[in-house]
Amino acid sequence: MAPGRRIPLLPMQNDFESVSLAGHPDEDVSLLDILDHVLNAGVVIHGSLVISVAGVDLVYLGLNVILTSVETAFRNLGVAKDVVPKVVIPKNKGIAESKRSLR
Amino acid sequence: MNVLEHDELRLLWSEVEWPFEPSTFQRKAIEFHQTVHHLFKQTAVIPFRLLSIFDHQQSLADFVARHGSGFIADLERLQDVVQMECIIFFKSPGLPDLSSGSAYLRQKAGLQHLLDEFGGNLHTALSPVSAGLRIKEVKNGKRIYCQVQRGQEDLFRTTAQGVKMPDSLERRVSGPWPAAEFLSESVKMPEVAGQK
């Protein structure tokens with residue numbers, strides 16, 4: 001798979017620290033849980049995204065196919081929390097600049 | 001945030017610059033999650049995956065006109081449930097027994113048996129507190145998705161944490177999440193004309 005343009009995310013040293021949701025301090029989730037769900041759960045229209053951690057692709061969304069998931073990251077990051085995850089966004093012909101999007 | 005109304009459906013969407021500033025992706029993902037979760041606290045929601053992009057508002061309207069009834073049916077079906085998850089996996093893969101081929105296979109089978117047995121115990125324990133349950137095999141582990149009645153999340157957590165676990169395994173319990181794993185296929189992966 002041609003990776004396209006690689007976009008580094010912010011360093012995620014805090015992956016396993018909780019992210020408190022505003023207004024819901026009783027609910028704590030990890031950043032990886034959030035990324036996993038916003039990218040890997042729900043309706044698939046189209047899109048192409050690869051999240052990689054330390055060069056290992058974890059999530060691929062493209063042509064409505066999910067190849068693998070983020071569980072690996074939970075383990076990998078458990079022993080190497082200083083890795084810098086990256087998001088890879090392959091070039092998508094259908095996406096022009098400044099489009100409307102569901103978020 | 002914009003709202004598109006179609007019969008009983010309300011579709012929330014927003015406009016983003018594309019391509020967006022890379023350093024903001026993480027923040028955008030959290031904001032997206034917070035928005036979805038804020039609504040989810042109040043009612044059933046069907047989240048679109050982040051970066052579900054429509055060319056223009058009319059294409060979104062057309063999409064809703066075609067698929068709205070399926071969305072409504074799923075929202076009604078999942079109205080009172082949330083999705084809770086339990087992931088089980090090996091703490092460390094450990095060193096493979098390479099003394100012989102059969103020793104390696106025996107070791108691998110033993111680890112798999114351990115995982116299957118614990119997964120089975122979790123399944124048995126969680127079934128009474130779940131309206132629906134799915135197990136997905138993942139690398140070095142299993143991911144268990146459960147439909148749980150709203151208000152029963154703590155019972156689920158207590159039950160999942162209470163199952164005796166072998167030392168070599170770990171578990172992570174998370175939720176509540178929108179019941180995305182229990183959407184019907186036609187809702188989860190609708191065909192969109194001209195957007196394949």
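This is a predicted model: local features need pLDDT of at least 70, side-chain atom pairs count only at pLDDT 80 or more; totals for chains, interfaces and linings use all residues.

Residues are numbered from 1 along each chain as its sequence is written, and chains are lettered from A and ligands numbered from 1 in the order in which they are written.

Chain B holds 5 helices and 7 strands; these are DSSP runs numbered from the N terminus, with H or I and at least four residues for helices, and E and at least two for strands. Along the sequence their order is β-β-α-β-α-β-α-β-β-α-β-α.

The radius of gyration of chain B is 21 Å, whereas a compact globule of 196 residues would have one near 16 Å. That radius is taken over C-alpha atoms, and the globule rule is 2.2 Å times the number of residues to the power 0.38. Along the principal axes, the C-alpha atoms of chain B fill a box of roughly 65 × 40 × 30 Å.

Of the 196 residues in chain B, 26% are buried, that is, 20 or more other C-beta atoms, placed from the backbone, lie within 10 Å of the residue's own.

Which strands pair with β4(B)? Pairing requires at least two DSSP bridges between two strands. Strand β6(B), residues 141-149, runs antiparallel to β4(B) and is joined to it by 9 bridges; there, Val82(B) has Val148(B) as its bridge partner. Strand β7(B), residues 169-177, also pairs with β4(B) in the antiparallel sense, over 7 bridges, and Gln83(B) is partnered with Trp177(B).

Methods: A residue is buried if 20 or more other C-beta atoms lie within 10 Å of its own, exposed if 12 or fewer, and partly exposed in between; C-beta atoms are placed from the backbone.
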